[in-house]
Amino acid sequence: MPSLTTEAEQFEKIRTKVFVNSEAAVRELGSAIGAFIRQRQAENRRAVLGLATGSTPVRLYQELIRLHRDGLSFQNVITFNLDEYYGLPPDHPESYRHFMEVQLFRHIDLPPAQAHVPNGLIERNQVFEYCANYEAQIAEAGGIDIQIVGIGRTGHIGFNEPGSSLDSRTRLVALDRLTRRDAARDFRGEANVPAYALTMGIGTILEARQIRLLAWGESKALVLRSAIEGPETTAVPASFLQRHSDCRCYLDHAAGSELTRFRTPWKVGPVKWDPGLTRKAVTWLAETREKPVLRLRDEDYTENALASLLVETGSAYSLNIRIFNELQHTITGWPGGKPNADDTNRPVPAEPPFKRVIILSPEPLDAEIGMAGTIHRLVNQQHEVTLAYLTSGNLSVPDSEARMAFSLLNELGVSKPDSLAHLDQLAAETNRKAPFDEDSRELRQFKGLIRRAEARASCQILGLALDRVRFLDLPFYQRGRYRQFRWGSEDVKSVVNLMCSLEPHQVYVTGVGADPSSVPGIAYQLVSAALENCGKEPWFPNCQFWVYASNERPWPPHEIDMAIPLSPAELAIKLDCLYHHRSQRSQTPFTETQAGEGWQQAEQINRATARQYDLLGLAEYEAVESFRAQKGGRNR
Ligand code: GLP
């Protein structure tokens with residue numbers, strides 16, 4: 001157990017620091033690594049770093065590159081990467097060797113011979129010897145000083161999937177289904193994800209003198225709780241890090257949100273009760289006691305570490321009623337406000353009765369998953385709704401879908417649509433390419449058109465006129481690939497222009513707790529930047545900003561500021577709309593709580609939210625879509 005643990009951290013078996021955001025975390029870790037390298041330089045010694053891949057360390061590498069530009073040399077550094085996909089050549093765009101070259105190596109002065117990444121092309125019959133040799137090289141370098149690790153949603157570190165033993169060494173492993181599904185987008189389909197990988201073992205990783213685990217985004221929150229607070233178990237390989245004497249976790253808020261000190265802070269010490277925390281505690285208590293809010297008794301509070309709440313509010317009776325009413329007031333069938341109604345206790349003002357609404361969807365399907373039922377209502381209630389897709393989503397269209405479209409166009413005798421190369425050539429490209437190869441610019445463009453067609457069809461089901469559907473095709477996406485996007489001022493400008501041309505009364509966004517390098521995560525950052533630029537616009541103070549949920553997990557009721565119930569018929573319309581994104585079959589990542597196709601996940605989530613409200617003693621609905629008020633504009 002680490003020393004210096006505060007009372008709040010008493011459940012944590014790995015020293016963990018939770019930062020406001022990933023930027024702050026990598027700044028601190030980057031500067032510690034920089035200081036270590038410099039110290040070794042002063043001693044004329046080498047510094048041995050263990051490196052990881054995936055989206056998570058990208059920001060750390062950007063920070064190291066920044067330090068290098070400010071004068072930090074890597075001449076005395078030796079690196080060993082954790083893992084590599086088996087079967088991928090080093091120059092393959094998805095190989096970890098290629099990833100490291102692009103993300104770090106080519107930007108610093110690390111001598112190439114000092115950078116080690118397992119070779120994914122090693123012959124099967126030489127794997128054992130090769131892996132033993134990889135370990136020997138680590139030992140020869142003096143062992144790893146600082147090992148960076150990320151965490152997969154199965155709880156893996158490196159590619160040590162559940163079942164990996166504590167003393168496992170560098171070896172060839174088969175990848176877990178969830179891991180392959182997570183990588184499906186990188187490889188345009190789960191079927192193309194390599195089935196095997198070479199990875200350092202848990203035993204190898206634990207030999208590093210320091211281990212630094214990084215994780216961002218809510219999708220990692222549950223597995224981190226198991227790894228940090230749960231028992232050591234092969235079911236969650238990262239839990240073995242608990243036995244290391246110098247392991248630290250660097251998390252952002254979303255990734256740390258399931259730790260006891262944030263989830264149920266009243267269990268770990270005195271808390272300052274504010275309205276948000278009070279609502280959280282009462283709904284938690286109702287769920288824990290399996291009782292509707294209005295039936296909670298004083299002893300339910302006192303027996304569950306919530307006596308201090310009663311001291312502040314007097315009795316369970318008045319507190320229960322207050323929270324019940326608060327929850328009740330989140331529910332509305334009028335997402336654009338109810339005209340001519342008293343809006344004192346409604347989430348949306350009645351005026352103006354007909355609003356201009358902008359819905360921003362990172363890729364086609366995100367907005368539909370989060371709020372198709374609400375869009376349908378907004379349109380039916382006569383608001384002027386614009387649905388803007390920030391990116392085309394063309395990276396997640398499998399070749400087979402493109403082939404189907406080519407076949408249709410061929411039948412029609414269409415051979416040269418404007419601005420596209422000859423269709424036959426594109427069709428030939430899909431036949432020629434190896435499954436993991438990158439698409440040409442034209443093929444990406446064509447796949448983008450497929451997603452547009454799907455998006456239009458799905459919008460029409462919701463009643464949206466086609467001239468209200470915008471495709472912004474933001475440049476960051478067009479230039480990039482998954483996990484490696486970089487956004488800039490052009491992207492922000494495009495969103496600002498949209499806002500300023502429409503002067504909305506409501507804007508809907510998503511991606512708040514998402515991995516910051518994912519498309520929803522980036523979309524959220526750049527929309528936030530755009531809104532900052534709009535702060536002085538006359539429409540801004542009267543605009544409400546709402547965040548809609550993703551498929552990640554059902555939001556607990558205390559996080560919901562507006563709940564839009566869906567009738568069985570509306571849920572059916574929503575599902576019909578979602579089915580029209582047919583190219584996305586098997587492309588949606590599984591989440592911690594939801595497997596299956598995107599539309600199945602959405603249905604389960606919306607039904608689960610309805611069930612939560614029901615169990616708290618509110619009305620019983622078929623399904624519910626959830627929204628959070630975002631500060632700014634009209635929401636203070
Ligand atoms: C892969 C890598 C791991 C990494 C994990 C999480 O499985 N082998 O080392 O930690 O992905 O990836 P990400 O950081 O993209 O969430």
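Modeller: Gly337 is found in the loop between α13 and β11. The model is a predicted one.

Colleague: Why is Gly337 called buried?

Modeller: Buried means under 20% relative accessible area. Gly337 has a relative accessible area of 1%, so it is buried.

Colleague: What does Gly337 touch, not counting residues up to four places away in sequence?

Modeller: Gly337 touches Val348, Pro349, Lys355 and His383. As for Glu299, 38 residues separate it from Gly337 in sequence, and the two are 39 Å apart in space, C-alpha to C-alpha.

Colleague: How do you know whether Thr332 is buried or exposed?

Modeller: The relative accessible area of Thr332 is 5%. The cut-off for buried is under 20%, therefore Thr332 is buried. Leaving aside neighbours within four places in sequence, Thr332 is in contact with Arg346, Pro347, Met562, Ala563, Ile564 and Pro565.

Colleague: What does the side chain of Thr332 reach?

Modeller: The side chain of Thr332 reaches the backbone nitrogen of Trp334, at 2.9 Å.

Colleague: Where is Glu190, and what makes it buried?

Modeller: Glu190 is in the loop between α5 (177-183) and β8 (196-199). With a relative accessible area of 14%, Glu190 falls under 20% and is therefore buried.

Colleague: Why is the pairing of the side chains of Glu190 and Arg177 called a polar contact?

Modeller: A polar contact needs a pair of N or O atoms within 3.5 Å, one able to donate a hydrogen and the other to accept it. The side chains of Glu190 and Arg177 are joined at 2.6 Å, so the pair is within that limit and is a polar contact. Not counting residues up to four places away in sequence, Glu190 touches Arg177, Arg180, Arg181 and Ala184.

Colleague: Why are α15 and α16 called roughly antiparallel?

Modeller: Helix α15 (residues 399-412) and helix α16 (residues 423-432) pack at an angle of about 150°, and their axes are 10 Å apart. Angles over 145 degrees count as roughly antiparallel, so α15 is roughly antiparallel to α16. The contact is made by residues including Phe406 and Leu409 of α15 and Leu426 and Ala427 of α16. The crossing of α15 and α16 is left-handed.

Colleague: What makes α10 roughly perpendicular to α13?

Modeller: Helix α10 (residues 275-289) packs with α13 at an angle of about 100°, their axes being 10 Å apart. The range for roughly perpendicular is 65 to 115 degrees, so α10 is roughly perpendicular to α13. On the α10 side the contact is made by Thr278, Arg279, Val282 and Thr283, and α13 contributes residues including Leu319 and Ile323.

Colleague: Why does Glu503 count as partly exposed?

Modeller: Partly exposed lies between the cut-offs, under 20% for buried and over 50% for exposed. Glu503 is at 36% relative accessibility, so it counts as partly exposed. Glu503 is found in the loop between α19 (489-502) and β14 (506-509). Its phi is positive, about 45°, although Glu503 is not a glycine.

Colleague: Why does Asp473 count as partly exposed?

Modeller: Asp473 is at 25% relative accessibility, between 20% and 50%, so it counts as partly exposed. Asp473 is in the loop between β13 (469-471) and α18 (475-479). Asp473 is not a glycine, yet its phi is positive, at about 45°.

Colleague: How do you know that Trp539 is buried?

Modeller: Trp539 has a relative accessible area of 6%, which is under 20%, so it is buried. Trp539 lies in the loop between α20 (519-534) and β15 (544-548). Not counting residues up to four places away in sequence, Trp539 touches Met499, Cys500, Glu503, Pro504 and Cys534. Trp539 and Met499 are 40 residues apart along the chain, and their C-alpha atoms are separated by 9.5 Å.

Note on methods:
Residues are numbered from 1 along each chain as its sequence is written. This is a predicted model: local features need pLDDT of at least 70, side-chain atom pairs count only at pLDDT 80 or more; totals for chains, interfaces and linings use all residues. Side-chain values use heavy atoms; hydrogens and water are left out. Buried means under 20% relative accessible area, exposed over 50%, partly exposed in between (1.4 Å probe, protein chains only). Contact means heavy atoms within 4.5 Å. Axes are lines fitted to C-alpha atoms, for helices over the stretch in contact, and angles run from 0 to 180 degrees between N-to-C directions. Helices (H or I, at least four residues) and strands (E, at least two) are DSSP runs, numbered from the N terminus. Angles under 35 degrees count as roughly parallel, over 145 as roughly antiparallel, 65 to 115 as roughly perpendicular and the rest as oblique. A crossing is left-handed if the near helix is turned anticlockwise from the far one by less than a right angle, and right-handed if clockwise.
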